[in-house]
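The sequence and coordinates are shown first.

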Amino acid sequence: MKARYDAIYRDIRASIEDGTYPYQEFLPSEAELVQKYSCSHNTLRRALALLREQGFVQPVHGKGVRVIHREAERTTFAIGEIESFREVGKRSHVATETIVLALEHITATPETARATGFEEGIDLTSVERVRRIGGECLIRDRNLFRTDSVPGITKEIAERSIYEYIEGDLGLRIAMSKRTITGERATARDREVLDLDDVDYLAVVSSQTFDTQGILIECTESRHRLDHFCFRDTAVRQKV
């Protein structure tokens with residue numbers, strides 16, 4: 001079950017993204033927000049701290065909390081957050097579709113174990129998907145899920161949202177994702193299933209996702225057409 005502050009964070013964030021709380025304006029006062037959400041001051045402050053960490057707001061001493069988020073022109077994937085593809089599409093207000101190309105069970109080989117961090121010999125659910133945005137096939141994902149942690153993945157679940165299935169149906173909490181980004185030349189498989197036109201290179205995001213017990217439950221390679229995406233992160237300078 002997600003903490004109360006997380007729900008408040010998501011609601012305020014949605015209001016910032018849809019323009020209810022405009023860029024450079026101040027949020028309602030802390031007292032007003034506490035009353036609106038029927039929460040404690042501490043719970044609200046945790047939500048506001050998360051909004052600050054993600055680059056949505058900046059507290060201003062003696063004035064309040066100012067909105068500093070502006071929506072990017074391109075679809076934005078936030079490196080510092082864990083979002084499903086459906087959540088990104090909803091946040092970015094773009095039409096999205098997921099096409100499942102392959103779904104099968106495999107056994108982790110020594111090569112797979114070295115490349116991913118999964119133990120050799122365990123059962124994995126392999127899913128290959130294409131993500132269509134605005135009518136164009138722009139992303140190819142290859143996911144490997146630990147089957148004993150995430151059982152029962154079907155084509156229908158993979159088309160909708162595996163993360164929604166993990167959190168909603170299985171009740172498993174996703175705790176952390178470690179990511180690296182590289183630029184790589186498009187492969188023959190990329191050109192077969194993606195609308196690449198004259199694009200030669202892709203942004204490749206490789207990730208390892210862990211549950212609250214520190215168990216690796218997913219490894220993913222996500223290959224993005226470069227000219228349609230920007231990858232956003234936020235850095236907060238701490239006082240020394």
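**Overall description**

The model is predicted. Its secondary structure comprises eight helices and 10 strands. Of the 240 residues in the chain, 43% are buried. The accessible surface amounts to about 13400 Å², and carbon and sulfur atoms account for 48% of that area. When contacts between residues at least 6 apart in sequence are considered, 60% of them join residues at least 24 apart.

**Salt bridges**

Side chains of opposite charge can pair when their charged atoms come close. A search of the whole structure identifies 19 salt bridges.

| Pair | Closest N and O atoms |
|---|---|
| Arg-13 and Glu-17 | 3.1 Å |
| Glu-136 and Arg-225 | 3.8 Å |
| Arg-140 and Asp-190 | 2.9 Å |

The salt bridge between Arg-13 and Glu-17 has its closest N and O atoms 3.1 Å apart. Arg-13 and Glu-17 are separated by about one helical turn, because they stand four residues apart in helix H1, which covers residues 4–17. Arg-13 and Glu-17 are both buried.

Glu-136 and Arg-225 form a salt bridge with a closest N and O separation of 3.8 Å.

In the salt bridge of Arg-140 with Asp-190, the closest N and O atoms are 2.9 Å apart. This pair links distant parts of the chain, with Arg-140 in strand E6 and Asp-190 in helix H8 (residues 188–193), 50 residues apart. Both Arg-140 and Asp-190 are buried. Through shared partners, salt bridges join Arg-140 and Asp-190 with Glu-128, Glu-184, Arg-189, Glu-192, Glu-221 and Arg-223 in one network.

**Nonpolar cores**

Which residues of the largest nonpolar core touch the most other members? They are Ile-12, Leu-27 and Leu-44, in a core of 19 residues. Two or more residues of this core come from each of H1, helix H2 (30–37), helix H3 (41–53) and strand E2 (64–67). H3 supplies the largest share, five residues.

With neighbours within four places in sequence set aside, Leu-27 is in contact with Ile-12, Tyr-21, Leu-48, Val-57, Val-65 and Val-67. A second, separate core has 13 residues, among them Val-150, Ile-153, Tyr-165 and Ile-166.

**The loop at Thr-109**

Thr-109 lies in the loop between strand E4 (96–107) and helix H5 (110–116). Its relative accessibility is 33%, and Thr-109 therefore counts as partly exposed. The side chains of Thr-109 and Thr-112 are joined by a polar contact of 3.0 Å. Thr-109 and Ile-122 are 13 residues apart along the chain, and their C-alpha atoms are separated by 8.6 Å.

Notes:
Residues numbered from 1 in each chain as written. Predicted model: local features only at pLDDT ≥ 70, side-chain atom pairs only at ≥ 80, totals over all residues. Heavy atoms only, no water. Salt bridge = Lys/Arg side-chain N within 4 Å of Asp/Glu carboxyl O. Buried < 20%, exposed > 50% of the residue type's maximum accessible area, 1.4 Å probe, protein only. Contact = heavy atoms within 4.5 Å. Areas by Shrake-Rupley, 256 points an atom, 1.4 Å probe, with all protein chains shown as cover. Polar contact = N/O pair within 3.5 Å; in protein donor to acceptor, adjacent residues only side chain to side chain. Core = buried A, V, L, I, M, F, W, Y, C linked by side-chain atoms within 4.5 Å.
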